Amino acid sequence: MPSLDDLKKRIKSVKSTQKITKAMKMVAAAKLRKAQENAEKGRPYSKKMQNIILNLTKSINDPNNAPRLLVGTGKDKTYLCVVLTADRGLCGGFNSNICKLAKSNFKKILSEGKDLKIITVGSKGLDQIKREYGKYVIKKFSFKDNKQITFKEAEIVGNEVINLFNQNEFDKCILFFNNFKNVITQIPQAQQIIPADNKQANVTEESQLSYEFEPDEDEILEDLLPKNISTQVFKAFLENAASEQGSRMTAMDNATRNAGDLVDKLTINYNRSRQASITKELIEIISGAESL
Amino acid sequence: MSEKFTLEIISPDNLIIKTSAMEVVIPSFEGEMGILKGHIDLITFLRPGIIKITDDTEKNFFVEDGTVEFSNNNLLILTSTAKELKTIDKNELKILLDDAETKLKEPEITDKERYQLSYKIETLKNISL
């Protein structure tokens, strides 16, 4: 049985932890609103960009001459995985969920006898991945110092990917990030960005229009595809930022509640043992008086 | 019958403008291009220049690059660099201009880049006048 003093100290420490988690929750909530807004504002751009590319893809007659960013290298040997995580912890399962998805993919890729290359963005993901897959990591980014993620950061990552592609360093590129659905639900996702995924093409079949191109299709595609890579990376950044704050808010909300429960339990314990010691002292006094 | 069509300018992090317009002039890569209602469906991309929107009032945007899609009387401009002319401040212009000029002097730029940069400088000079 811990002494009264110990209990008192524990209650105090839990209470101060609760204060911290509560403050973190508030901060996350405020940041979330902004991040969510940004993510929602960013969606139309990437969606429309994807649409234009789909329309362009349809009007390409000669797939052999199409840009490689669109159709791929024709091989299926080396995979580049870009894993986007946060730079900070204390956000529930946010980082672990991405890493879990990424790791299961890594395993699959390696078990099929293919080569794996990894780029990490954000330090938390790197920490989790380097234990098992450290030797595959070829590049790591961290934008810890930037408060607000802008298109520039996305372009840095996007250009790196394109550079590596042009040097024939990989055949396929997959992006891992958390898709922000709502505050409570974030879905880790793997999105293939090179070659452009044509699976969604069938969905927008009704938009089959014949376009006039100026200059011709190839030139537009050449200009558009690298931009699209950065756009997709940027979209992933925004979704990730919103997810991180959402995840942290829920995690900290839970932590605050748990701390409250713990304080209640400890207080009851404290009161009981205080009562017990008083009763004990009383009994001692009474029995002492009786024996006189 | 109205002679207007809808116009959207979208940047990666914002919807810059969504409006109706009578005529829009865009600095397309191969030259300036005026778009009226009923234009044929079109995809093209931009070089640095001014997007001129004519409606009841006139609005001008400075862009460096972008992609344009016109379909079903809906003009969509995707760009990461659009700035409304009224809101750009002079110092910013000067920085952009200086940047472009130093870049143009670098020997290893491609013809395409040189083409774009020269338009950028020209446009910027016109604005700052």
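In chain B of this predicted model, the strands β6(B) and β7(B) form a hairpin in which three residues lie between them. Strands here are DSSP runs of E with at least two residues, helices are DSSP runs of H or I with at least four residues, and both are numbered from the N terminus. Strand β6 (residues 49–54) of chain B pairs with strand β7 (residues 58–63) of chain B in the antiparallel sense over six bridges, where pairing requires that DSSP finds at least two bridges between the two strands.

The model is a prediction, in which local features need pLDDT of at least 70 and side-chain atom pairs count only at pLDDT 80 or more, while totals for chains, interfaces and linings use all residues. Residues are numbered from 1 along each chain as its sequence is written, and chains are lettered from A and ligands numbered from 1 in the order in which they are written.

**Chain B**

Chain B as a whole has two helices and 10 strands, and from the N terminus on its elements run β-β-β-β-β-β-β-β-β-β-α-α.

The C-alpha trace of chain B spans about 55 × 30 × 25 Å along its principal axes. A compact globule of 129 residues would have a radius of gyration near 14 Å, and the 15 Å of chain B agrees with this; the radius is taken over C-alpha atoms, and the globule rule is 2.2 Å times the number of residues to the power 0.38. Of the 129 residues of chain B, 35% count as buried, a term that requires 20 or more other C-beta atoms, placed from the backbone, within 10 Å of the residue's own. Two residues are in contact if their C-beta atoms, placed from the backbone, lie within 7 Å, and among contacts in chain B between residues at least 6 apart in sequence, 49% join residues at least 24 apart.

An automatic or database domain assignment supplies the domain bounds, and for chain B it gives domain 1 (5–84) and domain 2 (89–128). The centres of domain 1 and domain 2 of chain B, taken over C-alpha atoms, are separated by 21 Å. Six residues of domain 1 of chain B are in contact with five residues of domain 2 of chain B.

**Chain A**

Chain A has an open sheet of five strands in the order β3-β2-β1-β4-β5, with mixed pairing, and its edge strands are β3 (137–141) and β5 (186–194) of chain A. The twist averages 20° from one strand to the next. Strand β1 (residues 78–84) and strand β2 (residues 115–121) of chain A pair in the parallel sense over seven bridges, and the bridge partner of L80(A) in β2(A) is K117(A).

| Helix of chain A | Strands of chain A | Angle |
|---|---|---|
| α3 (residues 94–111) | touches β1, β2, β4 (172–180) and β5 | about 155° with β4(A) |
| α4 (residues 123–133) | lies across β1, β2 and β3 | about 155° to β2(A) |

Elsewhere in chain A, E155(A) is found in helix α5 (residues 151–166) and counts as buried because it has 20 C-beta neighbours inside 10 Å. Its C-alpha atom is separated by 7.7 Å from that of F234(A), although E155(A) and F234(A) are 79 residues apart along the chain.

**Between the chains**

The contact takes 23 residues from chain A and 21 residues from chain B. On the side of chain A that touches chain B, the elements that give two or more residues are α1 (4–58), β6 (212–214) and α6 (217–290) of chain A, and α1(A) gives the most, with 10 residues. Three bridges join β6(A) to strand β5 (residues 42–45) of chain B, and these strands run parallel; the bridge partner of F213(A) in β5(B) is I43(B).

Methods:
Buried ≥ 20, exposed ≤ 12 C-beta atoms within 10 Å, placed from the backbone. Axes fitted to C-alpha atoms, helices over the stretch in contact; angles between N-to-C directions.
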